[in-house]
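Welcome! Here is a short tour for anyone meeting this structure for the first time. Have a look at the model, then read on.

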Amino acid sequence: MHKPLRIIKDDARVRLTQQVNLTSAVRAALLTLPEEFTETQLFERIAGISYAGDPRMLLPAENRGKVGNIVRMQGPQFKELYHRLVVALPGTHWSLHANTIQQDVSAKARSAHLRKLPENLLGRVKMSYRGKLEGAVELEKDESAYWVHLAGDERLKGVLAEGQYTVSDIVACNLMALQKWQALYVGLRRYSP
């Protein structure tokens, strides 16, 4: 749900859930991008989250440029969907008519994004750093200092994108659960009177 889509039946709960989901995707993407980047880089990073753990992307028949194609074909819709969310976040600047985005990449600013990631991703980040961060303050002693220290670590981008406990792992687990549910549903429909 990170690319533009049409909601068939308007429901306030769906809209709220979508906004939370999109904002989380923006925060995760910002943590992996440099101080200045293009809107296309942002959109590809966000759309790439949906495909990061998709096992179909490992198949030779799958188009490796799928994410780029989606972004190129729906660029204006991506901007309409994400511009308001990005500029509402602290430390980001993106003029409506510009293609470049700037963000504050200080550890303090990045910790604000990091702390607001979804709980399951945040737990995985903490797990991957457990016992590996030199000079880190323990979470229980000073939570704010712990997150600033973690956000300032150069390895964070890799932990979010490629580490053992990553966004792609979460997507893969959720996708596998969805595929099992779909197979069960199709099977039940096929054999029901």
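This is a predicted model: local features need pLDDT of at least 70, side-chain atom pairs count only at pLDDT 80 or more; totals for chains, interfaces and linings use all residues.

Strand 1 and strand 3 run antiparallel, joined by 3 bridges.

Stepping back, the open sheet has 3 strands in the order 1-3-2, with antiparallel pairing. Strand 1 and strand 2 are its edge strands, each pairing on one side only. Helix 2 packs on this sheet, where it touches strand 1 and strand 3, and its direction makes about 80° with that of strand 1.

| Element | Residues |
|---|---|
| Strand 1 | 36–38 |
| Strand 2 | 92–93 |
| Strand 3 | 100–103 |
| Helix 2 | 39–51 |
| Helix 4 | 75–88 |

Beyond its neighbours within four places in sequence, Glu39 is in contact with Lys79, Trp94, Ala98, Asn99 and Ile101.

Lys79 is also one of the buried residues of helix 4, a list including Phe78, Leu81, Tyr82 and Leu85. The buried residues of this helix pack against helix 1, helix 2, helix 3, strand 2 and strand 3. Helix 4 bends by about 40° at Tyr82. With 14 residues at 1.5 Å a residue, helix 4 should span 20 Å, which agrees with the 20 Å between its end C-alpha atoms.

Technical notes
Residues are numbered from 1 along each chain as its sequence is written. Side-chain values use heavy atoms; hydrogens and water are left out. Helices (H or I, at least four residues) and strands (E, at least two) are DSSP runs, numbered from the N terminus. Contact means heavy atoms within 4.5 Å. Two strands pair if DSSP finds at least two bridges between them. Axes are lines fitted to C-alpha atoms, for helices over the stretch in contact, and angles run from 0 to 180 degrees between N-to-C directions. The expected span of a helix is 1.5 Å times one less than its number of residues. The bend at a residue is the angle between axes fitted to the seven residues ending there and the seven starting there. Buried means under 20% relative accessible area, exposed over 50%, partly exposed in between (1.4 Å probe, protein chains only).
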